[in-house]
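Try each task before you read its solution.

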Amino acid sequence: MEELMQDVAELELLQKQAKRQRIKNILTVELNRQQAELGRLQAEIQNTEKVTKPAVIKRYQVKLTNYAWDQTSKFVKFYVTLKNVQNIPAENITCSFTAKSLELSVKDLEGKDYLFTINHLLMQINPADSVWRVKSDTIIINAAKVEQKNWEFVTEIEKRASDAKKLSTPNPDASADPSEGLMSLMKNMYEQGDDEMKRTIAKAMHESQTKKGAL
């Protein structure tokens, strides 16, 4: 194309220098032809170099809350069911760990993304030794225990709720509501808890008040 550009430049110069009209006409015809060819080549190059942006595909994210779990002396195991998860590329599945949480991410499974998160684990885990593996329709997450102790619950929130229930005692006054002690403890936990605990307790308190009003 560089040579063609030089031809066009030289033809333009010759056209200006020509004195006879017949010569000018011949040069004009050739100049127009060369300019058209140059324009065509430039358009082809632009089309070739043009980067086509990939279409952005928006996928829905589904937050997973259902799971099963058990434990060994070394691991707490979580079983997350996802149909056909074994059919997607391995790089679409990741699981990250911290000392007190885990997060499983599954990308583009039949047009959807999935996220499974557990925060405030009952005890600390070892992220470096924690692993996951994919089975047929299931992902198994092995969270490595720091201490080889038995877990009665998965999260601190579950344990605190259970402890609060155990600490509640019936009021000896027969006319008093026996649930008042539990409600008082839940209010204290709500005031001292983090955002996630507050949401959990607020929901429980609301359900309790709703049931009480229905009686």
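**Exercise 1. In what order do the strands of the antiparallel open sheet lie, and which are its edge strands?**

Step 1. Four strands make up this open sheet, in the order β2-β3-β8-β7 and with antiparallel pairing. Strands here are DSSP runs (E, at least two residues; helices are H or I, at least four), numbered from the N terminus, and two of them pair if DSSP finds at least two bridges between them.

Step 2. β2 (68-71) and β7 (131-135) are the edge strands, each pairing on one side only.

Step 3. From one strand to the next, the twist averages 20 degrees; axes are lines fitted to C-alpha atoms (for helices over the stretch in contact), with angles from 0 to 180 degrees between N-to-C directions.

A word on the source: this is a predicted model, where local features need pLDDT of at least 70 and side-chain atom pairs count only at pLDDT 80 or more, while totals for chains, interfaces and linings use all residues. Residues are numbered from 1 along each chain as its sequence is written, and side-chain values use heavy atoms, leaving out hydrogens and water.

**Exercise 2. Describe the open sheet with mixed pairing.**

Step 1. The order of its four strands is β1-β6-β5-β4.

Step 2. Its edge strands, each pairing on one side only, are β1 (60-64) and β4 (93-98). The twist averages 15 degrees from one strand to the next.

Step 3. β1 and strand β6 (residues 112-118) run parallel and are joined by five bridges. Here V62 stands opposite Y114 in β6.

**Exercise 3. How many aromatic pairs does a search of the whole structure find? Characterise the pair of Y67 and F116.**

Step 1. The search finds two pairs. Rings of Phe, Tyr and Trp (its six-membered ring) pair if their centres lie within 6.5 Å; planes under 30 degrees apart are stacked, over 60 edge-to-face, and the rest tilted.

Step 2. The ring centres of Y67 and F116 are 5.4 Å apart and the planes are at 65 degrees, so this pair is edge-to-face.

Step 3. Because Y67 lies in the loop between β1 and β2 and F116 in strand β6, the pair ties together parts that are 49 residues apart in sequence.

Step 4. Y67, F78 and F116 form one aromatic cluster.

**Exercise 4. Is F116 buried or exposed?**

Step 1. Buried means under 20% relative accessible area, exposed over 50%, and partly exposed in between (1.4 Å probe, protein chains only).

Step 2. F116 has 1% relative accessibility, so F116 counts as buried. Y67, at 28%, counts as partly exposed.
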